[in-house]
Each structure stands twice: as structure tokens, then as C-alpha cells.
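Trainee: I would like to check how the labels used for this model follow from the coordinates. Can we go through them one at a time?

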Amino acid sequence: MSQNLFDFGMIGLGVMGRNLLLNMADHGFSVIGFDKDETKNSALESSATPGTTVKGVSELAQMIQLLQRPRKVMMLVPAGQPVDDVIASLLPLLEKGDVIIDGGNSHYTDTLRRVKYLREKDIHFMGIGVSGGEKGARTGPSIMPGGDKEAYAHVQPMLEAIAAKVNGEPCVAYLGKEGAGHYVKMVHNGIEYAIMQLISESYAILKKAGLSNQQLHEVFKSWNDGDLQSFLVEITADIFLQKDDKTDAHLVDVISDKAGSKGTGKWTSQDSMELPVAVPVIDSAVAMRTLSGYKDERVVAAELYGASNAISEETQVLIQQVHDALYFATILAYAQGLAMLFQASKDLQMEIPLTDVVSVWRGGCIIRSSLLSVFTSAYKQTPELSNILLNQEVAALVKSVEGNTRSLVAFAAQSGIPAAALMSSLAYFDAYKTAYMPTNLIQAQRDYFGAHTYQRTDIPGTFHTEWGQQ
């Protein structure tokens, strides 16, 4: 009987769950999945590569009975109460030392609670972030595990086998204690929001300058062949060629300009304020998605205030400026997200190894880009680097495109083209490199109206002044 036991179990056989199991099976692991929907069980088995060991069942107890001990079970179900419901249904079926994995986009605070709850019951719990979408799950995702380190040892060989590879290295590593896996995935998604917004603003400027979809394709394709190489720039180039199957138009031109959001970007903004860490590029991206939903109001406002100014810039010069600004702002987006991870690692005692984080992000995930190799080198030199902008190699890259970024941001402002994320990246950079900010005046104002006290530059201690007495 023991020879027939399965290595790994999956609860939830949607596309992601099914593809992860099939990936595992292709790497020699025997896998079993559970879903109440029999059609999904059948789809799992029918999609399996011939010669692999794959089974789908509709009874949870049956799946648990067929797993090797310690049992390793992953959930891919919607975040929130459904995760707790699955855990409740699993507990009567599991034994001491078994491993439960949440592979969905749960908020890290829920993961912290579940780790503690299940530790008291001698059950290992891990939160694992998985990035790469449906294709990545099938062929090699970026995997961000955190939580119980003893549990990671049980699943490490399997995760390393199925993860994306860069220079032969698997894009997976143990990323810290407690809720670290889901925290890293949350920040990953926040950076993803930011870069997508930056690309969309770059597109808006170039489109306003009169570039056709074919020309936009050629521009983004050339950028992807250079220092802007990334998954998001690559797919953007592809998007401009896609024709609509219902009309003769390009599909991008008939897609509504109201963007969706699943919450992880918003979580990143919210949690950054709790630390606190400044992530204004991510904040701008979240705000612009929200603002996109005000479609009816925007239409009225456009009539009330008029359209943006016509663009008369020389095209090749503008294209280079947009390239440099996008490169600059992308670095700033990563810098803010990584600074957030640095601070969270300390404040929440999760011990997140940033060298491993950027290494894991190099392949498989949505924010993979050539810049991550630069960041990996930076963290190998200084593992406790609080902000990648303090690395000399990164500083040289930023300074090389700073001038064109300033020109492009000024141009966007003068032309009335919304470029909140590009502008936020420059504002953050200018503040970060300012040795003495004007917040001394804010401290004076706070003490004046609220007796909040202040500190001085010349004498240590905390002070309060009775303002207006002179």
C-alpha cells in the first residue's frame, strides 16, 4: 500500500491548482488533488502527461488517507474565511507533524494567526506566495515560501524542482518566519501595480504623441531587447499587435479604461503606512486604479476643463525621454518595495533575506526583469542594505537617466497628461536625496497648534515653545 501513497495533495483544482500539480507530476512526484467539482478532477487527470502519477478525488478524507506521512497539503482557495473553513475541515483528518500550505493571496496577518493556531496543535503551517500566472504554474513559477522552517524542509525538494530556473538556480528560497511568504508576495504585487501604472503612463504619452499601435509595439519590443527587459514590457509589446476578434480594431483600443484590483496592491499601501515606510509610486498606482473607476465623472470633467495639450515634441527625443523616465521610475518602484521588506523584516521579526527575495524574483514571476540581477549583486555586497538607492551601481544607473526623467515629468505636467506614478517616483527621489527637508516647519506648526513638541539640531532633547509670545 505504501508504494501507492502520494507525495503531495492539493485542495482546489482551478487552473492554478491543477497546473501546479501537473508541474509536480512532470518532475517525478506522485500527486493527488481534491475538488468537489468532478469535472475539475477529470480535467486534472486528463491533462496529465502520460506516465505520470496524477489522481483527482471528490472526498477530502480519501485524499488525506492516500498521502504519505508527514502529509503535505496545499490550499489554493480564495483568501479569507474559505481558508479557515478548509483548515477546520482538515484538522480532524491530520496528524501531528503534517504540513498545511496556503498558496493563495492571503493577507499576512491572517497567516500569522494561522501559524500560531496550528503550532499549538502540532501542525506545521506555511504561507507560500506563487507568481507567474497560469503558464508559470505549469512550466515554472517564482515561489515565495515563509513560515515554519521545519515544514519547508519537507517541501523544499519539490518546490525547487517545479520553480522557474535562472542560470540553473531555482527561483525559490525560504524567505523568513511566520507570515514572511505572504508578506513578500504582497509587496511583489504592490511593485507589480506600480510598474504596470508606469508602463501605462508611458504608453499614454507616446500615444498622445501620435504613435500607432504598430509603432508602440516596435518601441516596447526594442526596449525589451535592452535595459528595460522585463516580463511586463515584453507582454506590453505583444498587446499592441493583438487584433479584436469582433471588429477590425486593435483589441487594446476597445478595452475599457476602468482597471480592476484584487486588493494586494491596496494592502501594500495600507501596511506601508503602518510601518511606516514611504511607497508613493505604489500608492499612486493604487489611487489611479481607483480613479479609473470614476468614468462618468471623468467624462464630464473632460468636457468642463478641456483636453490635454497637443504634443509637438520631436518623436525620437520624446521616445528616449519616456524610456529613461520609465527606467528611472521602475528602479524607484523596486527600491520602495524592497525598503518596505527591509523594515517589515525588522519590525515584524520575520527575518526576510533580501538577497534571496530579489534572486527568487529573477524568473517566473510577473515583476521579473534584468534589473533584479543588479539588485541581487547589490544585496550580496551589503545584505543589510536599507535601500537599494544607496548602492553605488544602482546610483550610477539612476543618475544616468535622471535628466531625461526630469524633462519628461515636466513635459507631462505642462501637457496635462496624467503621470502620477512617474511624478511620484521623481518626488520620492528628490526627497530621499535631500539632506535637510522642510519638515522643520511642519514640526513647528505641530508644536504651535497642538503642543506636539520638537527636537533641535543643536541641543539634544525634546522641546516645546509657547508660540506667539513675542
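Trainee: What stands opposite Lys-72?
Mentor: Val-99 in β5 stands opposite Lys-72. Keep in mind that this is a predicted model.

Trainee: In which sheet do they sit, and what is its strand order?
Mentor: They belong to an open sheet of 7 strands, ordered β3-β2-β1-β4-β5-β6-β7, and the pairing is mixed.

Trainee: Why are β3 and β7 called edge strands?
Mentor: β3 (54-57) and β7 (142-147) each pair on one side only. On average, neighbouring strands of the sheet are turned by 25° against each other, with direction ignored.

Trainee: Which helix lies across β1, β4, β5, β6 and β7?
Mentor: Helix α7, residues 149-162, does, and it runs at about 30° to β6.

Trainee: Why are the buried residues of α5 said to line one face?
Mentor: Those buried residues are Tyr-108, Thr-111, Arg-114, Val-115 and Leu-118. Seen down the axis of α5, they fall within an arc of 110°, so they line one face of the helix. They pack against α4, β5, β6, α8 and α11.

Trainee: Why is Ala-180 called buried?
Mentor: Buried means under 20% relative accessible area. Ala-180 has 0%, so it is buried. This residue is found in helix α8, and its contacts include Met-350 and Ile-352. The C-alpha atoms of Ala-180 and Gly-147 are separated by 6.4 Å, although the two residues are 33 residues apart along the chain.

Trainee: What makes a group of residues a nonpolar core?
Mentor: Its members are buried residues of the nonpolar set, joined through side-chain atoms within 4.5 Å. The largest such core here has 87 residues, and Trp-223, Trp-361 and Phe-375 are among those with the most contacts inside it. Helix α14, residues 315-347, gives the most to this core, with 19 residues. Apart from it lies another core of 32 residues, including Met-24 and Tyr-174.

Notes: Residues are numbered from 1 along each chain as its sequence is written. This is a predicted model: local features need pLDDT of at least 70, side-chain atom pairs count only at pLDDT 80 or more; totals for chains, interfaces and linings use all residues. Side-chain values use heavy atoms; hydrogens and water are left out. Buried means under 20% relative accessible area, exposed over 50%, partly exposed in between (1.4 Å probe, protein chains only). Helices (H or I, at least four residues) and strands (E, at least two) are DSSP runs, numbered from the N terminus. The arc is that of the directions from the helix axis to the C-beta atoms. Contact means heavy atoms within 4.5 Å. Two strands pair if DSSP finds at least two bridges between them. Axes are lines fitted to C-alpha atoms, for helices over the stretch in contact, and angles run from 0 to 180 degrees between N-to-C directions. Lists of a residue's contacts leave out its neighbours within four places in sequence.
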